[in-house]
Number of protein chains: 2
Amino acid sequence: MKRIFFILTICLISTGLLAQQNLDFSPKAEVVSPQINKDNTVTFRLMAPNAQSVKLQGDWMPSEGWTPKLQDLQKDENGLWSFTTQVLPSDLYSYTFIVDGLKVLDPNNVYQVRDVATVMNIFLVEGGLADLYKVQNVPHGTVTRCWYDSPKLDSPRRITIYTPPGYEGNTDKYPVFYLLHGMGGDEEAWMALGRASQILDNLIAQGKAKPMIVVMPNGHTSNTAAPGESDKGFYKPDMRTPDVFSGDMEANFGDIIKFVEDNYRVKSDMQSRAIAGLSMGGFHSLYISANYPNTFDYVGLFSPAILPPANAASTIYADLEAKLLAQKANGYRLYWIAIGNTDFLFQNVVDYRSKLDEMKFTYQYRESDGGHIWANWRLYLSEFAQMLF
Amino acid sequence: MKRIFFILTICLISTGLLAQQNLDFSPKAEVVSPQINKDNTVTFRLMAPNAQSVKLQGDWMPSEGWTPKLQDLQKDENGLWSFTTQVLPSDLYSYTFIVDGLKVLDPNNVYQVRDVATVMNIFLVEGGLADLYKVQNVPHGTVTRCWYDSPKLDSPRRITIYTPPGYEGNTDKYPVFYLLHGMGGDEEAWMALGRASQILDNLIAQGKAKPMIVVMPNGHTSNTAAPGESDKGFYKPDMRTPDVFSGDMEANFGDIIKFVEDNYRVKSDMQSRAIAGLSMGGFHSLYISANYPNTFDYVGLFSPAILPPANAASTIYADLEAKLLAQKANGYRLYWIAIGNTDFLFQNVVDYRSKLDEMKFTYQYRESDGGHIWANWRLYLSEFAQMLF
């Protein structure tokens with residue numbers, strides 16, 4: 001092997017008229033960042049000899065009001081900046097550096113996620129919750145991106161579908177869990193930020209969740225696909241789309257169910273269908289489950305954005321109380337509401353629960369620490385998936 | 001709509017105890033970068049008032065020897081740095097900024113690709129070649145990531161499979177094109193850097209390529225999956241893996257064919273199988289097609305790394321000339337070799353062609369401008385796919 005690399009390296013050095021790609025013979029003694037230490041502290045490093053200031057912004061760090069609090073890194077004599085956190089609880093975290101006021105992704109960490117128009121680095125602290133978010137040596141499901149027709153919308157539309165381990169090798173029929181993203185998301189959000197396929201793989205391997213199909217559509221009807229995946233090209237993502245509260249997502253949800261039931265081996269009864277979503281997707285789940293009688297036996301509202309669509313034109317939002325009373329009369333197995341105690345939508349959920357209490361509409365309530373954050377939505381998915389089917 | 005955003009914004013400002021995610025209400029009057037101008041010049045912008053120097057590194061820019069030549073941006077009175085290129089030919093390009101010596105991704109461009117351990121921003125200049133690389137308003141195929149068993153390797157192993165538009169809606173059988181990555185790649189490389197699904201969607205829509213299944217395995221047998229997608233976790237990618245030239249990829253390729261033919265509706269005859277790859281994948285394609293008689297009617301070597309595996313233990317690399325003579329006697333429809341005229345592997349291909357010429361082994365030869373670069377591999381895929389089946 002050494003000889004071959006020697007030959008390759010000589011070739012590279014001696015020719016090199018133009019840049020060559022898909023090759024990287026950079027030296028191995030490089031900066032390591034982030035480094036997850038054995039005690040679950042985390043060390044960040046950035047080589048920036050010319051910088052006057054390097055700060056860290058991480059989603060585990062407290063913020064002051066709406067402004068995130070930044071952590072200074074310290075510079076050594078070689079221009080290497082570093083900082084070590086306190087012990088972090090097991091979770092998936094995101095961060096960026098701020099170098100002389102400019103947002104800079106960690107050049108030593110290729111693992112990133114996009115949330116709306118912001119790209120951040122990520123890392124995992126194992127040994128607890130995050131073990132569910134990690135790719136483990138267990139059987140893996142299949143993840144498919146395909147396009148379905150929705151005749152009344154700008155169509156075809158892109159959708160992400162998880163089928164459980166073993167799906168290809170048997171003829172079983174499976175229950176289906178429809179999992180909806182928030183206002184800033186798309187059909188990639190639950191996979192990239194939500195670690196949905198890892199959570200399902202791990203829960204199924206542990207026998208804690210039933211094998212199921214998970215369907216992740218795009219909830220913005222004015223987009224056919226995630227940014228960069230449609231013929232809109234490479235535009236700057238913006239969640240301020242005209243479709244929110246239009247009712248179009250909810251009104252056309254039947255097209256998604258039809259596509260899934262036509263193309264996958266599914267159990268197509270109420271007992272074998274669940275729907276849940278985060279934030280805007282929680283709002284969608286509330287109205288879809290209320291508007292499609294006897295369709296979903298399991299409903300999950302994760303930090304739901306239960307905002308008053310007063311004057312909304314769509315009949316989807318009309319007569320909610322009557323629809324909820326019908327839903328109650330029809331019966332269901334689980335209506336699960338979860339929210340963080342510092343979520344900006346907390347009071348909306350308090351109000352909605354009061355309304356349900358008055359109606360004697362049964363639900364389970366889960367309150368966690370923290371705000372309107374992915375750490376909570378991964379946690380809620382991990383808990384909700386175990387209660388299904 | 002405006003009222004709802006007002007309410008939301010008030011909520012955010014008035015609570016905001018902790019950071020909230022999946023929301024981004026940042027003002028819309030922002031820096032635009034990159035801006036593709038109507039004349040196909042491209043303007044780059046970066047707001048960095050504290051920076052002393054901002055440079056641009058792009059894969060369209062000439063390099064001096066092995067060192068890329070950098071382009072200075074100019075600073076205005078507000079601290080906004082900018083630079084406009086000359087007219088760029090239609091293509092997909094990658095770039096990063098260098099700010100005071102530090103590599104910085106463009107904070108206004110969320111579109112990125114990873115090549116080995118380097119993340120770069122990308123953009124498209126339309127109006128020519130790159131129209132094949134763009135998501136167009138045409139029927140789209142399905143892209144599936146799944147895991148197959150390969151009993152003699154560390155298994156299961158992750159694989160990416162493209163099925164053409166219409167696959168789900170009919171009962172046809174399809175030909176299969178096995179498409180292999182280079183030394184720095186994995187089962188994601190042809191999708192992310194190679195724009196394989198866009199190229200196939202567009203060529204099929206134009207009637208220039210037959211509907212086909214494209215199978216993109218991971219060619220590093222010491223990895224089960226791309227970085228971050230296996231139980232190795234989030235490590236720094238390094239292409240210096242011990243599997244290269246071990247023969248294991250080639251020797252176990254039958255497991256991939258078996259998985260595809262067991263799980264997809266395929267035509268399983270020689271006339272309906274193609275194999276091609278870039279760099280290390282070209283080397284793999286050469287040896288797989290030579291070692292599996294009467295299996296592939298179409299072979300493509302894109303910038304193939306035809307390096308002498310002298311003393312290699314595997315019988316895969318033994319008796320190549322005899323195997324090529326058998327391949328010649330068996331017959332095939334297309335043996336296609338392509339390389340850029342400044343590729344560091346150019347002489348290796350000259351030597352291999354001489355060997356084939358001596359053997360009167362028929363092949364087609366395609367020489368393009370440029371080096372060992374993705375621009376060439378996207379071009380070769382676009383041309384090769386049109387000659388298949």
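Student: Which residue stands opposite A:Val42 in β2(A)?

Tutor: A:Ile36 does. Keep in mind that this is a predicted model.

Student: What makes β1 and β7 of chain A edge strands?

Tutor: Start from the order of the open sheet, β1-β2-β8-β7 in chain A, with antiparallel pairing. β1 (35-36) and β7 (74-75) each have a single partner strand, so one side of each lacks a neighbour in the sheet.

Student: What is the strand order of the four-stranded open sheet in chain B?

Tutor: There the order reads β1-β2-β8-β7, again with antiparallel pairing. Its edge strands are β1 (35-36) and β7 (74-75) of chain B, each pairing on one side only. In chain B, β1 and β2 (residues 42-47) are joined over two bridges, and B:Gln35 has B:Thr43 in β2(B) as its bridge partner.

Student: Which residues meet where α6(A) and α7(A) come together?

Tutor: From α6(A) there are A:Leu286, A:Tyr287, A:Ser289, A:Ala290 and A:Asn291, and they meet A:Leu320, A:Lys323 and A:Gln327 of α7(A).

Student: Why is A:Thr96 called buried?

Tutor: Its relative accessible area is 5%, and buried means under 20%, so A:Thr96 falls in that class. A:Thr96 lies in β9, residues 91-99 of chain A. Beyond its neighbours within four places in sequence, its contacts include A:Lys55, A:Leu56, A:Val104 and A:Met120.

Student: Which residues touch the most other members of the largest nonpolar core?

Tutor: That core has 91 residues, and A:Phe177, A:Trp190, A:Phe302, B:Phe177, B:Trp190 and B:Phe302 touch the most other members. As background, nonpolar side chains tend to be buried together in soluble globular proteins.

Student: What is A:Trp190 in contact with, leaving aside neighbours within four places in sequence?

Tutor: Among its contacts are A:Leu179, A:Met216, A:Leu278, A:Phe302, A:Trp374 and A:Trp377. The list also includes A:His181 and A:Arg195.

How values were computed
Residues numbered from 1 in each chain as written. Chains lettered and ligands numbered in written order. Predicted model: local features only at pLDDT ≥ 70, side-chain atom pairs only at ≥ 80, totals over all residues. Heavy atoms only, no water. Core = buried A, V, L, I, M, F, W, Y, C linked by side-chain atoms within 4.5 Å. Buried < 20%, exposed > 50% of the residue type's maximum accessible area, 1.4 Å probe, protein only. Contact = heavy atoms within 4.5 Å. Pairing = 2+ DSSP bridges.
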